[in-house]
Amino acid sequence: MKKILVATQKPFAPAAVESIKQIVEAAGFEFELYEKYAEQTDFVKAVETANALIIRSDKVTKEVIEAAKNLEIVVRAGAGYDNVDLEAATAKGVVVMNTPGQNSNAVAELAIGMMVFLARNSFNGSAGTELKGKTLGIHAYGNVGRYVANIAKGFGMKVYAFDPYVKKKVMKKDKVKAVKSAEKLYAKCQYVSLHIPANEQTKESIDYKLLSLMPKNAVLVNTARKEVINEADMIKLMAERTDFSYISDIAPNNKADFEQFEGRFLFTPKKMGAQTSDNLIFE
Ligand code: 3PG
């Protein structure tokens, strides 16, 4: 009997696991659950007899793919698939799928929520600022970007977007102004919300040159991936510009280097943008 292994270091909601189990067993497959593993080496061992893998941010490296001798398919429950070695999967004829859009609203609400939290000085009792009338740039107009734009319009923000893969008319229909380059977006917008994937083209692409273009009281919101940020550049810029803030759902590699920017560097203790109790899979 072919085995479907749900391998998630960050577990799904118990109800979601139960539904997956029922579907898998009704289809005549064996179901196995492997959660909260401590080390990558444990994950490598666990996949050995799996025919299919259902994962979250779990790292499906070449080593994992080679260890799973019978592997046919990997399903990444989520949008970003930068945690899967596509080259290694292709070489072994393993299909890789994701579930784009399923957790987008949760991420978008967090992005806006973090903006409000920062604008109101972390709710510390002092007078902050409002989002109404401010410019917001959506960097990549995919599922999450579209939700962020929609919520931001409700706040009365002026919303712009840059995405070379999305037609201008799609943005126009949403009453979002399309700009022609990332440079133009960053130069125009006080707030920029990042929704680009992490890949060879985007890694460390958010650098000093781009960030320097942002206007006074700039805020970069990152609910995407830490790998797209050039951290050394970000630290340099934040040291030079005391009006620049960085809020993120993904802690940087060197948290200690950011501690000097108290009040204008905020990050969640755990990457949780996609996870709410209204979202069955990720409860
Ligand atoms: C995604 O790419 O869908 C999100 O980043 C969710 O990732 P997670 O499985 O780590 O919550």
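**Notebook: salt bridges and the ligand site**

I began in helix α3, where lysine 62 and glutamate 66 are four residues apart and therefore separated by about one helical turn; helices here are DSSP runs of H or I with at least four residues, strands runs of E with at least two, numbered from the N terminus. Their side chains meet in a salt bridge at 3.8 Å, N to O, a term that requires a side-chain nitrogen of Lys or Arg within 4 Å of a carboxyl oxygen of Asp or Glu.

I noted that this is a predicted model, in which local features need pLDDT of at least 70 and side-chain atom pairs count only at pLDDT 80 or more, while totals for chains, interfaces and linings use all residues. Residues are numbered from 1 along each chain as its sequence is written, and side-chain values use heavy atoms, without hydrogens and water.

By the salt-bridge rule I found a count of eight. One of them joins arginine 225 to aspartate 82, with the closest N and O atoms 3.1 Å apart. This pair links distant parts of the chain, 143 residues apart, with arginine 225 in the loop between β10 (219-222) and α10 (231-240) and aspartate 82 in the loop between β4 and α4 (86-91).

An oxygen atom of the ligand is 2.8 Å from an N or O atom in the side chain of lysine 10, and for arginine 56 I read 2.9 Å from a ligand oxygen to a side-chain N or O atom.

Notes
A polar contact is a pair of N or O atoms within 3.5 Å; within protein, one must be able to donate a hydrogen and the other to accept it, and residues adjacent in sequence count only if both atoms are side-chain atoms.
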